[in-house]
Amino acid sequence: MTATEDLIASAEAHSAHNYHPLPVVVASARGAWMTDVEGRRYLDMLAGYSALNFGHGNPRLIEAATEQLGRVTLTSRAFHHDRFAEFCARLARLCGKEMVLPMNTGAEAVETAVKTARKWGYRVKGVPGGRARIVVAANNFHGRTTTIVSFSTDPEARADYGPYTPGFDIVPFGDLGALRDAVTEDTVAVLIEPVQGEAGVLVPPPGYLPGVRELTRERGVLFVADEIQSGLGRTGRTFACEHEDVVPDVYLLGKALGGGVVPVSAVVADADVLGVFRPGEHGSTFGGNPLACAVGLEVVAMLETGEFQQRATELGEHLHAELGLLAGSGKVVEVRGRGLWAGVDIDPSHGTGREISEKLMERGVLVKDTHGSTIRIAPPLVISKEDLDWGLDQLRAVLG
Ligand SMILES: *Cc1c(COP(=O)(O)O)cnc(C)c1O
């Protein structure tokens, strides 16, 4: 048995099989490259589902984390700590909002938004007790908690987890008419991803996000944008909503906010929304901890420069031009996406998304399939153009 086989067999014996990882065992990583236990190198074209927008071991983030590790890492929110105020203030400013509620994982940010919207609905909008409803989109991915999978349309994510949390209405993504029909007096929020990541990097038709903004404003409903995967530079802007000049009421952030170092998530909104919480009504032992704030603050500082958004724009144009050529040659059926982010539907005669991913792995490129014959390309924003081109060469080679 090789070291790789041995470690995979052991992982399979002693961990739940809730994932089906590619057969590679990573031992170290820097920038856009990972090295496995046998010393083979791989170009990371997944970037931890955008949690690694700034690359592996980003020096600025490692330095911020290391400095904080030597001072204080956890206080709980029972006490103040000296990194909290600046993190919240700077993140709020980056979002053009007044307040931040820090949590840890993306799913917790979504859960927090559901609670925020319901509480806001009862206290501010005046929805009768117990009647609040939230409209969501089909094929959404917002996380894995029991409430969140209650409004998933993916049978794999949802089956056997009932009884489900009520209070959600599901409409087709990108269909404004359906959304208009679904909103009632009891609707407190519309929760959508501005670009649906897990669904295969689906960009809604032009005008959809502005339409959602207009409708929610008219009807007194919160527009909650789940930018956990689409936000923080991936699409070439700080937020995917910016591509259509849309400002939602609530941003949900996660993944890249933790710089690939620690889990950090946040709900960001104005005081008329996040102000609904009183002490004891919501919380998290780890949310807003000193290490998370130190790393998150550095992430915000890096995004304030605009250089990562610029890189995602430039490299993204190149990526989409190259993938467009592949589509023109008929080897891929469709390419979607924005910035340094693409969903690529491969002609099924070349194999499933999984098979393509395995062939790419053999050539030293790591990607992940989403559904069927779709692979997702989302390298760290720090990838060099040469490395990106090399990765695309491997894709061309695999597609023959
Ligand atoms: C990943 C993701 C989540 C869930 O984040 P976790 O940290 O895995 O809980 C929620 N929404 C979107 C859009 C995501 O991509």
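# A tour of the predicted model, stop by stop

Select L381 to begin: this residue is buried, with a relative accessible area of 0%. Keep in mind that the model is predicted.

**Stop 1: around L381**

L381 belongs to the loop between β15 (374–377) and α14. Now show its contacts. Leaving aside neighbours within four places in sequence, L381 is in contact with N53, L232, G233, R234, F308, R311, A312, L315 and L340. Y122 and L381 are 259 residues apart in sequence, and their C-alpha atoms are 41 Å apart in space.

**Stop 2: D369**

Move to D369, in strand β14 (residues 368–369). Is D369 buried or exposed? Its relative accessibility is 15%, and buried means under 20%, so D369 counts as buried. The side chains of D369 and K368 are joined by a polar contact of 3.5 Å.

Which residues touch D369, leaving aside its neighbours within four places in sequence? They are G353, R354, S357, T374, I375 and R376. Then pick G200. The C-alpha atoms of G200 and D369 are separated by 8.8 Å, while the two residues are 169 apart along the chain.

**Stop 3: aromatic rings**

Show the side chains of the aromatic residues. How many aromatic pairs does a search of the whole structure find? The search finds 5. Go to W33 and W390, which form a tilted pair. Their rings are 5.6 Å apart, centre to centre, with 40° between the planes. This pair links distant parts of the chain. W33 is buried, with a relative accessible area of 17%. W390 counts as partly exposed, at 31% relative accessibility.

Now select F239 and Y251. The ring centres are 4.1 Å apart and the planes are at 25°, so this pair is stacked. F239 sits in the loop between β8 (222–226) and β9 (250–253), and Y251 sits in strand β9. They are 12 residues apart. Both F239 and Y251 are buried.

**Stop 4: charges over rings**

R41 lies over the face of W33, at 4.7 Å from the ring centre. For another such case, select R158 and Y164. The charged end of R158 sits over the ring of Y164, 3.8 Å from its centre.

**Stop 5**

Display β9 with its side chains. Both faces of this strand are covered. V250 and L252 are on one side, Y251 and L253 are on the other, and all are buried.

Which way does β9 pair with β8, parallel or antiparallel? The pairing of β8 and β9 is parallel, over 3 bridges. Look at D226: its bridge partner in β9 is L252. Now turn to strand β10 (residues 265–269). β9 and β10 pair in the antiparallel sense, over 4 bridges. Here L252 has V267 as its bridge partner in β10.

**Stop 6: R213**

Select R213, in helix α9 (residues 208–219). R213 counts as buried, at 8% relative accessibility. A polar contact of 2.9 Å joins the side chains of R213 and D249. Leaving aside neighbours within four places in sequence, R213 is in contact with V221, F223, V246, V247, P248 and D249.

**Stop 7: the ligand**

Show the ligand. Which residues surround it? They are T105, G106, A107, F141, H142, G143, E193, D226, I228, Q229 and K255. D226 was also at the β9 stop, as the partner of L252.

**Stop 8: helix α5**

Finish with helix α5 (residues 106–125). Colour its buried residues, among them G106, A107, A109, V110 and W120. G106 and A107 are also among the residues around the ligand. Then step just past the end of α5 to G126. G126 takes a positive phi of about 90°.

Methods. Residues are numbered from 1 along each chain as its sequence is written. This is a predicted model: local features need pLDDT of at least 70, side-chain atom pairs count only at pLDDT 80 or more; totals for chains, interfaces and linings use all residues. Side-chain values use heavy atoms; hydrogens and water are left out. Helices (H or I, at least four residues) and strands (E, at least two) are DSSP runs, numbered from the N terminus. Buried means under 20% relative accessible area, exposed over 50%, partly exposed in between (1.4 Å probe, protein chains only). A polar contact is a pair of N or O atoms within 3.5 Å; within protein, one must be able to donate a hydrogen and the other to accept it, and residues adjacent in sequence count only if both atoms are side-chain atoms. Contact means heavy atoms within 4.5 Å. Rings of Phe, Tyr and Trp (its six-membered ring) pair if their centres lie within 6.5 Å; planes under 30 degrees apart count as stacked, over 60 as edge-to-face and the rest as tilted. A charge sits over a ring if NZ of Lys or CZ of Arg is within 6 Å of the ring centre and within 35 degrees of the ring normal. Two strands pair if DSSP finds at least two bridges between them. A residue is near a molecule or strand if one of its heavy atoms lies within 4 Å of it.
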